[in-house]
Amino acid sequence: MTKKLSLAQLLASLSPEERERLLAALSAEERDALAREWRFNARPDQLPPDGDWWRVWLFCAGRGAGKSRAGAEWCIEEIRAGRRRAVGCIGPTADSVRRVMVEGPSGILASCPEDFRADYEPSVRRIRFPNGALIHLFSAEEPERLRGPNLDLGWCDELCAWSNAEAAWSNLQLALRLPGTDGSPPRVMVSTTPKPTPIIKALVADAAGENPSVIITRASTFDNRTNLDPATLAFFEKTYGNSHLAKQELLGQLIEDAEGALWTRALIEKTRATVQRELLERIVVAVDPSGGTGRGSGECGIVVAGQDWPRPGRPRLCAVRPVRQVHRRRLLGEPSAHIARRAQMKSLRRGIMDAIWSATRLPASTRACLSASSMLRMASGRERSRSRRCTSKAGSTIPGSSTSSKISFAAGSRTATCRPLTGSTRWFGP
Ligand SMILES: Nc1ncnc2c1ncn2[C@@H]1O[C@H](COP(=O)(O)OP(=O)(O)OP(=O)(O)O)[C@@H](O)[C@H]1O
Ligand SMILES: [Mg+2]
């Protein structure tokens, strides 16, 4: 139990006399400084592990356990010591990076000590420190932005909530290629409430394997009770008790199976087999379609199970595969040739529109007010004018165009009017 307590908590647990004996040598100023010091307040699980052999520090913990604070403080500590100059911070979305990792109460700006304040430059998604070191901010939604930077340290917050986790994670690994100024290898910290995603499972397996490069620290929501509201923690305990949700979200445990699951992962792994399809006596494809087909509709479950005939009564699961979105018409058996044809047409249409956009040489602000499809219709003479809401500035025109192809904006209004076209070529720049 004591290994989960911070120095501050240990000190607070002493008698007043013992405490005073320890602090007697400190002036009031020094006591103040101590009270603000992260190494004094952090629990051991919130501090970077000892040793220099690890490349990835995985901090698996419950909600509100102090994960983000630990990540922000680690980055600041490394930068302040002058060991790191180019740090990459990645969160699930651009909004959460700003709201949680940068400006949040546990974020980088709030965690900077008074004598080492950082400047946030939102337009270039960067934080600049007094010693010149930079933190570059990335969203996992845009993994391609992680191509190019040279980083010496990384902090990944809520990795299990990343939408493009595999691409963002591998691009980050490739960007982490600079040694620290002390020659130490690049490192990355992952702070997350764990879920059985492929990356987390690979990291956990690495930590447990031979020659590990991953080290794991763990904490529960309740370990951070001194900084959270006691009534809320009591409510959590009462409401979620020993449930599946509590184990994952509060205790920060990696739970592989859904509560009450009939087919556990262990069972599937045990019975998984690679067999020739012809040897299977019976193959069952079970589909549990979601109610809708829109963005918000749930996942569609598909299970393929096969039974080999020589040993009836002993089923073997050949594949169990959740599919994110399956179009209802596909489920009803639309001929695959039609699907391929439609995809082909869609990509062709997109290609044509891109080409037209590029040929018009329209500034991006003007493009925003017209969809490419309405542009196509106007260029082909099928549509002669169009009004749309837009956010462009008043008075934008197509550069180098004649008056008949001008897009004019009423001053102050948000409506763009496209004048009639006499020939499609009029829309194209010089
Ligand atoms: N060692 C600590 N000393 C003082 N305050 C702390 C400590 N650790 C965390 N806190 C505070 O506890 C609160 C919760 O911490 P934090 O936001 O880092 O949790 P989290 O695990 O990232 O939460 P979430 O699951 O919502 O992402 C914050 O106000 C943070 O500043
Ligand atoms: Mg957090």
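A: Two strands pair if DSSP finds at least two bridges between them; helices (H or I, at least four residues) and strands (E, at least two) are DSSP runs, numbered from the N terminus. In this case, strand 1 (residues 56-61) and strand 8 run parallel and are joined by six bridges. The model is predicted: local features need pLDDT of at least 70, side-chain atom pairs count only at pLDDT 80 or more, and totals for chains, interfaces and linings use all residues. Residues are numbered from 1 along each chain as its sequence is written, with chains lettered from A and ligands numbered from 1 in the order in which they are written.

Q: In what order do the eight strands form the sheet?

A: Strands of a sheet pair through backbone hydrogen bonds, either parallel or antiparallel. Here the order is 3-4-5-2-6-7-1-8, in an open sheet with mixed pairing. Strand 3 (119-121) and strand 8 (214-219) each have a single partner strand, so one side of each lacks a neighbour in the sheet.

Q: Which residues have the most contacts inside the largest nonpolar core?

A: In soluble globular proteins, nonpolar side chains tend to be buried together. A nonpolar core is a set of buried Ala, Val, Leu, Ile, Met, Phe, Trp, Tyr and Cys residues joined through C-beta atoms within 7 Å; buried means that 20 or more other C-beta atoms, placed from the backbone, lie within 10 Å of a residue's own. The largest such core here has 51 residues, and C75, C89 and I108 have the most contacts inside it.

Q: Which residues come nearest to ligand 1?

A: A residue is near a molecule if its C-beta atom, placed from the backbone, lies within 6 Å of it. Of the 18 residues around ligand 1, the nearest are G66, K67, S68, R69 and S106. Helix 5 (residues 67-80) gives the most to this shell, with three residues.

Conventions. Buried ≥ 20, exposed ≤ 12 C-beta atoms within 10 Å, placed from the backbone.
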